[in-house]
Amino acid sequence: PEVEVIVVNDGSTDNSASTVNLLETEHENLTVLHQTNQGLSVARNNGLKHGTGEYVLFHDADDKLERNAVERLLHIALTKSSDIVGGIFRRHTPAKIKVLQTFARNEYQMRFSSNIELALKYCVNFSSCNKLFKVSFLQENQIRFTPGLYMQEIEFWLKCMVHASNVSQTDIVVADYYFYPNSGSQAKHTERFESLFLLSDRLSLIFQSSDFAHLAVIRSHALIQGAIRFFSDWKLD
């Protein structure tokens, strides 16, 4: 009952608007925001702007949240005084179901800015949908998603990593991720490929500050392991 749900309808063209409008009349803790289609980053920023909670979890249309996920992540956030708490995904594809084990571990109160080894390990843990973020932490460091940027979660996460003083990771399964090969997120077009270079430039800006220069190695690591590998496979196809 203490969870606030904000649904951002990003210019949908099916019956999503009427569906969520009906749900809003039935649930006091549900707020629906309608906007013209502007993409994932603008939708998330809009939802974040209207939220009133102490912590936020971003949720995408291709995920299904586990029933107790928010409660379990919040318990860790409060007991460990964490800026961010991460969980893991159960990945569903047409062929199989698999729990992603890469970050299936319990590590609490990490500070990446003082531990390069940890920073290199965690800089590829991009997703925002398996994590709980302290809203005041995002506000104080002016961390938002960049509109029009493809794979924007890489930039968002690296900004979080360099600024956070207390990050916790748990082996709790937070959500079921459903991979759809023909979904919009997998669409291939020139603008997305060119966005890779914009992403590279924006990541460089993060480490221009002398406070974060010693962490610059994670920029290249994140690009190679995340974006470049994805785009290389794409262009080879």
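Q: In which strand is the place of Val56?
A: This is a predicted model, in which local features need pLDDT of at least 70 and side-chain atom pairs count only at pLDDT 80 or more, while totals for chains, interfaces and linings use all residues. Residues are numbered from 1 along each chain as its sequence is written, and side-chain values use heavy atoms, with hydrogens and water left out. Helices (H or I, at least four residues) and strands (E, at least two) are DSSP runs, numbered from the N terminus. On that basis Val56 belongs to residues 55–56, which form strand S3.

Q: Is Val56 buried or exposed?
A: Buried means under 20% relative accessible area and exposed over 50%, with partly exposed in between (1.4 Å probe, protein chains only). The relative accessible area of Val56 is 15%, so Val56 is buried.

Q: Which residues does Val56 touch, not counting residues up to four places away in sequence?
A: Contact means heavy atoms within 4.5 Å. Under the stated exclusion of residues up to four places away, Val56 touches Leu48, Lys131, Leu132, Phe133, Val135 and Leu138.

Q: How many Å apart in space are Val56 and Cys129, C-alpha to C-alpha?
A: In sequence, 73 residues separate Val56 and Cys129. In space, the C-alpha to C-alpha distance between Val56 and Cys129 is 10.0 Å.

Q: Which residues does Asn46 touch, not counting residues up to four places away in sequence?
A: Asn46 lies in helix H2, residues 40–50. With a relative accessible area of 14%, Asn46 is buried. Apart from residues up to four places away in sequence, Asn46 touches Val8, Leu33 and Gln35.

Q: Is Gln142 buried or exposed?
A: Gln142 is found in the loop between helix H5 (135–140) and H6. Its phi is near 50°, a positive value in a residue other than glycine. The relative accessibility of Gln142 is 69%, so this residue counts as exposed.

Q: What is the value that phi of Met151 is near?
A: Met151 is found in the loop between H5 and H6. Phi of Met151 is positive, in a residue other than glycine, and is near 55°.

Q: With which residues is Ile143 in contact, leaving aside its neighbours within four places in sequence?
A: The place of Ile143 is in the loop between H5 and H6. Ile143 counts as buried, at 0% relative accessibility. Leaving aside neighbours within four places in sequence, its contacts are Phe137, Leu138, Phe156, Lys159, Cys160 and His163.

Q: How many Å separate the C-alpha atoms of Arg192 and Met151?
A: Arg192 is found in helix H7, residues 190–206, and is buried, with a relative accessible area of 17%. Along the chain, Arg192 and Met151 are 41 residues apart. Their C-alpha atoms are separated by 8.9 Å.

Q: Why is H6 largely enclosed by the rest of the structure?
A: Helix H6 covers residues 152–163 and has 12 residues. Its buried residues include Phe156, Lys159 and Cys160. H6 is largely enclosed because the number of its 12 residues that are buried is 11.

Q: How far does helix H6 reach from its first C-alpha to its last?
A: The expected span of a helix is 1.5 Å times one less than its number of residues. For H6 the expected value is 16 Å, and the helix is close to this, with a reach of 17 Å.

Q: What radius of gyration does the protein have?
A: The radius of gyration is taken over C-alpha atoms, and the globule rule is 2.2 Å times the number of residues to the power 0.38. With 237 residues, a compact globule would have a value near 18 Å. The protein agrees with this, at 18 Å.

Q: What percentage of contacts between residues at least 6 apart in sequence join residues at least 24 apart?
A: The protein has eight helices and nine strands, and 43% of its 237 residues count as buried. Among contacts between residues at least 6 apart in sequence, the share joining residues at least 24 apart is 75%.
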